[in-house]
Amino acid sequence: MKYEVILYYNFEPIEDPETFCNEHKQKMKDLGVKGRVYIGQEGINGTLGGTPEQIQNYKEFLWSIEGFEDTQFKTDEDDTVPFAKLICKVRDELVAI
């Protein structure tokens with residue numbers, strides 16, 4: 001079986017990153033995806049892996065959130081999910097400048 005790995009970011013302001021992170025993490029657990037997602041006041045940055053169906057469901061979930069409808073994903077295939085667990089954290093800075 002081939003798995004999908006996605007990389008993405010979207011600089012869309014998030015008013016309450018802590019609540020957004022907690023809700024986001026629960027949805028990702030429900031979907032069964034693994035990887036890392038960082039959330040901050042300026043947006044979201046993530047790398048996730050899962051089955052094509054899990055990843056499609058995640059994309060549709062993210063696109064359903066107001067402000068994130070235009071999120072673009074870079075997609076790759078792998079023979080395994082290259083992540084051992086799911087990490088979702090609030091960060092002060094998504095991208096170090």
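Trainee: So buried means under 20% relative accessible area, and exposed means over 50%. Is Thr51 buried or exposed, then?

Mentor: Keep in mind that this is a predicted model. Thr51 has 17% relative accessibility, which is under 20%, so Thr51 counts as buried.

Trainee: Where does Thr51 lie?

Mentor: Thr51 is in the loop that runs between S3 and H2. Leaving aside neighbours within four places in sequence, Thr51 is in contact with Met1 and Tyr3.

Trainee: How confident is the predictor, in mean pLDDT?

Mentor: The mean pLDDT of the protein is 95, and 98% of its residues reach 70 or more. By element, confidence is lowest in strand S4, residues 73–78, with a mean of 96. Confidence is highest in H2, at 98.

Trainee: What does UniProt list for this chain?

Mentor: An unreviewed UniProt entry lists residues 3–93 as "domain: tRNA uridine(34) hydroxylase N-terminal". Over that stretch the chain is 30% helix and 37% strand. The C-alpha atoms at the ends of residues 3–93 are 30 Å apart.

Trainee: Next topic, the core. Which residues in the largest nonpolar core touch the most other members?

Mentor: That core has 21 residues, and Tyr8, Ile44, Leu48 and Tyr58 touch the most other members. Two or more residues come from each of S1 (3–10), H1 (17–31), S2 (34–40), S3 (43–50), H2 (52–63) and S5 (86–90).

Trainee: Why do such side chains end up together?

Mentor: In soluble globular proteins, nonpolar side chains tend to be buried together.

Trainee: What does Tyr8 touch?

Mentor: Not counting residues up to four places away in sequence, Tyr8 touches Val37, Ile44, Asn45, Gly46, Thr47, Leu48, Tyr58, Leu62, Thr71, Gln72 and Phe73.

Trainee: Now the helices. How many residues has H1, and how far does H1 reach?

Mentor: H1 has 15 residues and reaches 21 Å from its first C-alpha to its last. That is close to the 21 Å expected at 1.5 Å a residue.

Trainee: Which residues in H1 are buried?

Mentor: Pro17, Phe20, Cys21, His24, Met28 and Leu31 are the buried ones in H1. They cover an arc of only 95 degrees around the axis, so they sit on the same side of H1.

Trainee: Why would residues a few places apart point the same way?

Mentor: An α-helix has 3.6 residues a turn, so residues three or four places apart point the same way.

Trainee: What do the buried residues of H1 pack against?

Mentor: They pack against S2, S3, H2 and S5. On the other side of H1, Glu23, Lys29 and Asp30 are exposed.

Trainee: What comes just after H1?

Mentor: Gly32 does, with a positive phi of about 85 degrees. Val33 is in the loop between H1 and S2. Val33 counts as buried because its relative accessibility is 3%. The C-alpha atoms of Val33 and Phe83 are 50 residues apart along the chain but separated by 9.2 Å.

Trainee: And H2, which residues are buried there?

Mentor: In H2, Gln54, Ile55, Tyr58, Lys59, Phe61 and Leu62 are buried. They lie on the same side of H2, because their arc around the axis is only 160 degrees. The buried residues of H2 pack against S1, H1, S3 and S4.

Trainee: What is Phe73 in contact with?

Mentor: Phe73 lies in strand S4. Setting aside neighbours within four places in sequence, Phe73 is in contact with Ile6, Leu7, Tyr8, Tyr58, Lys59, Leu62 and Trp63. Phe73 counts as buried because its relative accessibility is 17%.

Trainee: Last one. Is Glu66 buried or exposed?

Mentor: Glu66 is exposed, because its relative accessible area is 72%. Glu66 is found in the loop between H2 and S4.

Technical notes
Residues numbered from 1 in each chain as written. Predicted model: local features only at pLDDT ≥ 70, side-chain atom pairs only at ≥ 80, totals over all residues. Heavy atoms only, no water. Core = buried A, V, L, I, M, F, W, Y, C linked by side-chain atoms within 4.5 Å. Buried < 20%, exposed > 50% of the residue type's maximum accessible area, 1.4 Å probe, protein only. Helix = DSSP H or I, 4+ residues; strand = E, 2+ residues; numbered from the N terminus. Contact = heavy atoms within 4.5 Å. UniProt positions renumbered as here; feature names shortened; annotations may be inferred. Expected span 1.5 Å × (residues − 1). Arc of directions from axis to C-beta. pLDDT = per-residue confidence, 0-100.
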